Amino acid sequence: MMTALKKWTIAVVCLLMLPALSEAGYKKEYKLSCVVGPKMPWGEGATLFADLVRERTEGRVNIKVYTAGSLMAGKQTNEFLLLKRGVADFAFASPINWSSTLKPLNLFNLPFFFEDYEALDKVTSGEAGKAIEALIAKKGVKVLGWGENGYREITNSKRAIRTPEDLKGLKVRVVGTPIFIDIMKSMGANPVNMNWGEAKIAFQQGVVDAQENPAVGIEIPLKIWQFHNHVSFWGYVIDPLMFTVNQKTWKKFSEKDREIIRQAAVDAGRMQKGVVRKGLVAPDLSAHELMRENGMEVTVLTPEEKKAFRVLTEPVYKKWVPRIGEELVEKAKADMGN
Ligand code: X2X
């Protein structure tokens with residue numbers, strides 16, 4: 001026969017388990033959108049965030065990661081609208097994919113604007129970063145923390161690129177965000193826009209000669225040397241990432257869970273940034289070395305060589321700074337100490 005104490009213990013254990021399974025107004029599962037696959041540091045960062053949130057909320061907030069753009073059938077420039085409408089609850093997103101919808105985010109696409117990692121960090125954590133978070137909030141989405149895809153370095157199957165002459169006429173795959181077409185044209189290349197989901201086949205079939213993506217973030221995990229044997233480190237654009245959540249979803253979380261989720265985004269972002277920055281700055285150039293070991297010719301541009309490209313992009317600044325907003329660009333410059 002069960003003693004009163006035993007019955008009481010069972011009742012308490014059951015009660016303790018309940019909140020772990022359901023919290024009033026919470027969904028059983030939240031959807032997180034991610035444009036790339038689970039094996040890229042970007043996808044791993046998304047999974048890390050979801051795991052931290054699940055663990056720290058003791059299962060109250062259960063986030064499922066939808067990689068490879070699967071929530072938007074690969075159409076990466078639709079991601080912001082899907083998140084805004086609540087088709088996705090969360091996204092670990094690149095401003096590149098949102099900047100056709102949110103023009104000020106083209107700040108991060110300005111060529112040769114961010115000299116080094118420190119400059120980018122100053123902007124994302126500074127006044128410009130705050131202004132960007134505020135404008136995204138106005139559209140119904142909250143930024144929880146920042147991660148990184150990385151500096152976008154160009155690879156190709158034709159020749160080493162060190163000067164604009166080398167880039168001339170090369171067919172370069174870019175994201176379907178208008179500023180990238182303008183940037184590539186200004187530097188003399190022949191851009192073709194394409195979703196990431198179709199890009200690998202295009203590299204394989206030689207439909208394009210070149211592409212630009214972060215070395216550690218994308219090119220090395222993709223084994224880009226299967227398609228391209230030249231890489232140029234020119235650091236023309238740096239692509240941060242943002243952990244984000246739909247505001248309506250956000251408001252339904254308890255204060256305690258919001259704090260946990262915010263902290264998980266900061267922690268996952270810090271770790272993920274550490275991963276994609278590794279091996280790219282002297283004395284640790286192991287990422288360059290790895291590309292070389294896999295048969296790639298590695299070209300690192302000097303500041304003067306970068307400048308030769310930068311001057312050609314002047315029309316891009318003329319056209320896009322007004323669209324981004326002079327004030328935001330000035331804020332970013334001030335954050336960087338320029
Ligand atoms: O499409 C790309 O190049 C990628 C994966 O880097 C982005 O989503 C911006």
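Please keep in mind that the model is predicted.

**Helices that pack together**

Two packed helices are described by the angle between their axes and the distance between the axes.

| Helix pair | Angle between axes | Axis distance |
|---|---|---|
| H5 (residues 117-124) and H16 (residues 326-336) | about 125° | 8 Å |
| H6 (residues 127-138) and H16 | about 145° | 7 Å |
| H8 (residues 178-186) and H15 (residues 314-324) | about 160° | 8 Å |

Let's begin with H5 and H16, whose axes make an angle of about 125°. The two helices are therefore oblique to each other, and their crossing is right-handed. On the H5 side, the contact is made by Ala 119, Lys 122 and Val 123, while H16 brings Ala 332, Asp 335 and Met 336. Sorted by class, the residues of this H5 and H16 contact are four nonpolar, two charged and no polar.

H16 also packs with H6, at about 145° and with the axes 7 Å apart. From H6, the residues in contact are Glu 127, Ala 128, Gly 129, Ala 131 and Ile 132; from H16 they are Leu 328, Lys 331, Ala 332 and Asp 335. Five nonpolar, one polar and three charged residues make up the contact of H6 with H16.

Now to H8 and H15, which pack at about 160°. That angle makes H8 roughly antiparallel to H15. Pro 178, Ile 179, Asp 182, Ile 183 and Ser 186 of H8 touch Val 316, Lys 319 and Trp 320 of H15. The contact of H8 with H15 holds five nonpolar, one polar and two charged residues.

**A strand pair and its helix**

Strand S1 (residues 30-33) runs parallel to strand S2 (residues 63-66), and four bridges pair them. Together with helix H2 (residues 41-56), S1 and S2 form a right-handed β-α-β unit.

**Two backbone details**

Most residues other than glycine have a negative phi, and most peptide bonds are trans. Two places in this model depart from that pattern.

Ala 68 has a phi near 55°, which is positive although the residue is not glycine. You will find Ala 68 in the loop between S2 and helix H3 (79-85).

The peptide bond between Ala 282 and Pro 283 is cis, with omega about 5°. Pro 283 lies in the loop that runs between helix H12 (255-276) and helix H13 (286-293).

How values were computed: Residues are numbered from 1 along each chain as its sequence is written. This is a predicted model: local features need pLDDT of at least 70, side-chain atom pairs count only at pLDDT 80 or more; totals for chains, interfaces and linings use all residues. Side-chain values use heavy atoms; hydrogens and water are left out. Axes are lines fitted to C-alpha atoms, for helices over the stretch in contact, and angles run from 0 to 180 degrees between N-to-C directions. Angles under 35 degrees count as roughly parallel, over 145 as roughly antiparallel, 65 to 115 as roughly perpendicular and the rest as oblique. A crossing is left-handed if the near helix is turned anticlockwise from the far one by less than a right angle, and right-handed if clockwise. Contact means heavy atoms within 4.5 Å. Ala, Val, Leu, Ile, Met, Phe, Trp, Tyr, Cys and Pro count as nonpolar, Asp, Glu, Lys and Arg as charged, and the others, Gly among them, as polar. Two strands pair if DSSP finds at least two bridges between them. A crossover is right-handed if, with the strands pointing away from the viewer, the path from the first strand over the helix to the second runs clockwise.
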